[in-house]
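Here is a short briefing on one protein chain. It starts with the overall fold and then moves to single residues.

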Amino acid sequence: MTHSAAVENHPLLPRIEQALDTIRPYLAADGGNVRVLDITDDMTLQLELLGACGTCPMSPMTLKAGVEESVKKAVPEIRAVEAINSTPMAEQPAGQTGHPVSPAPVPTPQF
């Protein structure tokens, strides 16, 4: 993975990448990935969501329950994880709102 110059020499980066590598296969299975953009002074890890992760309606949940949990467990110095390019639920494509809608019932043909 390529990193910005600001984060390339950060002492926590190898541990963060190792933690991310444990979940990347799951992200890749759905056509996504993450890239480290920055580690702020207040120890917030900023990520870019790549591929399908950028517009997936489950990305906010994956980020909190999967990515953030894995990183904070392996690197307790990190206080928060945020995606810089995540699409808010209200702006999801094709009218997706994060709440599944039951399909309309299919009428039974009358013979």
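Contact here means heavy atoms within 4.5 Å. By that criterion, Ser59 touches Leu49 and Cys53, not counting residues up to four places away in sequence. The model is predicted. Its protein chain holds three helices and three strands. Along the sequence they follow the pattern α-α-β-β-α-β.

**Chain totals**

- The protein chain has 111 residues, and buried residues make up 32% of them.
- Its accessible surface comes to about 7200 Å². Carbon and sulfur atoms hold 59% of that surface.
- Take the contacts in the protein chain with a separation of 6 or more: residues 24 or more positions apart account for 53% of them.

**The sheet**

- Three strands form an open sheet in the order S1-S2-S3, and the pairing is mixed.
- Strand S1 (32–39) and strand S3 (80–83) stand at the edges. Each has a single partner strand, so one side of each is left without a neighbour in the sheet.
- From one strand to the next, the twist averages 35°.
- In a regular strand, side chains alternate between the two faces of the sheet.

**S1 with S2**

- S1 and S2 run antiparallel and are joined by seven bridges.
- Val36 stands opposite Leu47 in S2.
- Asn33 stands opposite Leu50 in S2.
- Gly32 has Gly51 as its bridge partner in S2.
- The hairpin of S1 and S2 has four residues between the strands. There, Met43 takes a positive phi near 65°.

**S2 with S3**

- S2 and S3 pair in the parallel sense, over four bridges.
- Leu45 stands opposite Val81 in S3.
- Together with H3, these two strands make a right-handed β-α-β unit.

- Helix H3 (residues 59–74) lies across S2 and S3. H3 runs at about 145° to S3.

**Thr44, in strand S2**

- Thr44 lies in strand S2, which spans residues 44–51.
- Is Thr44 buried or exposed? Its relative accessible area is 10%, and the cut-off for buried is under 20%, so Thr44 is buried.
- Its side chain makes a polar contact with the side chain of Asp42, at 3.1 Å.
- Leaving aside neighbours within four places in sequence, Thr44 is in contact with Asp38, Ile39, Ala80 and Glu82.

**Gly32, in strand S1**

- Gly32 is found in strand S1.
- Gly32 counts as buried because its relative accessibility is 9%, against a cut-off of under 20%.
- Which residues does Gly32 contact, leaving aside its neighbours within four places in sequence? They are Leu27, Leu50, Gly51, Ala52 and Cys53.
- Among these, Gly51 is also the bridge partner of Gly32 in S2.
- Gly32 and Cys53 are 21 residues apart in sequence, yet 4.8 Å apart in space, C-alpha to C-alpha.

**Ser59, in helix H3**

- Ser59 has its place in helix H3.
- Ser59 counts as buried because its relative accessibility is 8%, which is under 20%.
- Ser59 and Leu27 are 32 residues apart along the chain. Their C-alpha atoms are separated by 9.9 Å.
- Cys53 is touched by Ser59, and Cys53 is also in contact with Gly32.

Key. Residues numbered from 1 in each chain as written. Predicted model: local features only at pLDDT ≥ 70, side-chain atom pairs only at ≥ 80, totals over all residues. Heavy atoms only, no water. Buried < 20%, exposed > 50% of the residue type's maximum accessible area, 1.4 Å probe, protein only. Polar contact = N/O pair within 3.5 Å; in protein donor to acceptor, adjacent residues only side chain to side chain. Pairing = 2+ DSSP bridges. Axes fitted to C-alpha atoms, helices over the stretch in contact; angles between N-to-C directions. Areas by Shrake-Rupley, 256 points an atom, 1.4 Å probe, with all protein chains shown as cover. Right-handed = clockwise from strand over helix to strand, strands pointing away.
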